[in-house]
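Me: Could you take a close look at one part of this protein with me? I would like to start with the sheet and then move on to the ligand.

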Amino acid sequence: MEDNAKVLILMGSDSDLPVMEEAAKALKNFGIAYRMTVASAHRTPERAIKLSSEARGNGIEVIIAGAGAAAHLAGVLAAKTTLPVIGVPIDATPLNGMDALLSTVQMPGGIPVASMAIGKAGAKNAGIFAAEILSIKYPEIADRLAAFRKDMAEKVDEKAKKMEANC
Ligand code: RP5
């Protein structure tokens, strides 16, 4: 845990860690301090609510919440804070994440959750999206995001050139 954490990454179970690590990796890549821990909306609701309601006061600016199955974690956290909450639906059941996706994305009007894609791509994008939100306030994060996009485009260009050369 970093004292100066700007992002709080929560997950419903430690079994979600292999997916949610992608969000942490993305934040590290942009030099953003985060705190990552487990809190379940149904197994430890008091802990989830405490973490969310105290987040702003603790210097947190964005919350990322990953959960599988009924996946009400992001919505429960969003109910207790006006910070932006980014939800990551996790494929943890025989429904392959469709259950978590619908539970995360279909918030009733009034309490928004920004839902990402199911699984690792969603967790990675949650980290990048958190960086984009923070970039409004922190110009150095905006610069790192611009460099990340440039690097991604250059890699595609390189691959395209190689492919064309081999045709
Ligand atoms: C959800 O149930 C968790 O977010 C996890 O994705 C899923 C299964 O949890 P475990 O039974 O592996 O702890 O609450």
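Which residue in β3 is the bridge partner of Leu8?

Reply: Happy to! The partner of Leu8 in β3 is Ile63. A quick note on the source: this is a predicted model, in which local features need pLDDT of at least 70 and side-chain atom pairs count only at pLDDT 80 or more, while totals for chains, interfaces and linings use all residues. Residues are numbered from 1 along each chain as its sequence is written, and side-chain values use heavy atoms, with hydrogens and water left out.

Strands β1 (residues 7–11) and β3 (residues 62–68) pair in the parallel sense over five bridges; pairing requires that DSSP finds at least two bridges between two strands. Strands are DSSP runs (E, at least two residues), as helices are (H or I, at least four), numbered from the N terminus. The open sheet has five parallel strands in the order β2-β1-β3-β4-β5. Because β2 (34–38) and β5 (114–115) are at the edges with a single partner strand each, one side of each has no neighbour in the sheet.

Now for the ligand. Its surroundings include Gly12, Ser13, His42 and Ala92, where a residue counts if one of its heavy atoms lies within 4 Å. The shell consists of two nonpolar, five polar and two charged residues, with Ala, Val, Leu, Ile, Met, Phe, Trp, Tyr, Cys and Pro as nonpolar, Asp, Glu, Lys and Arg as charged, and the others, Gly among them, as polar. A polar side-chain atom of Asp16 is 2.6 Å from a ligand oxygen atom, and a side-chain N or O atom of Arg43 is 2.9 Å from an oxygen atom of the ligand.

How values were computed:
A polar contact is a pair of N or O atoms within 3.5 Å; within protein, one must be able to donate a hydrogen and the other to accept it, and residues adjacent in sequence count only if both atoms are side-chain atoms.
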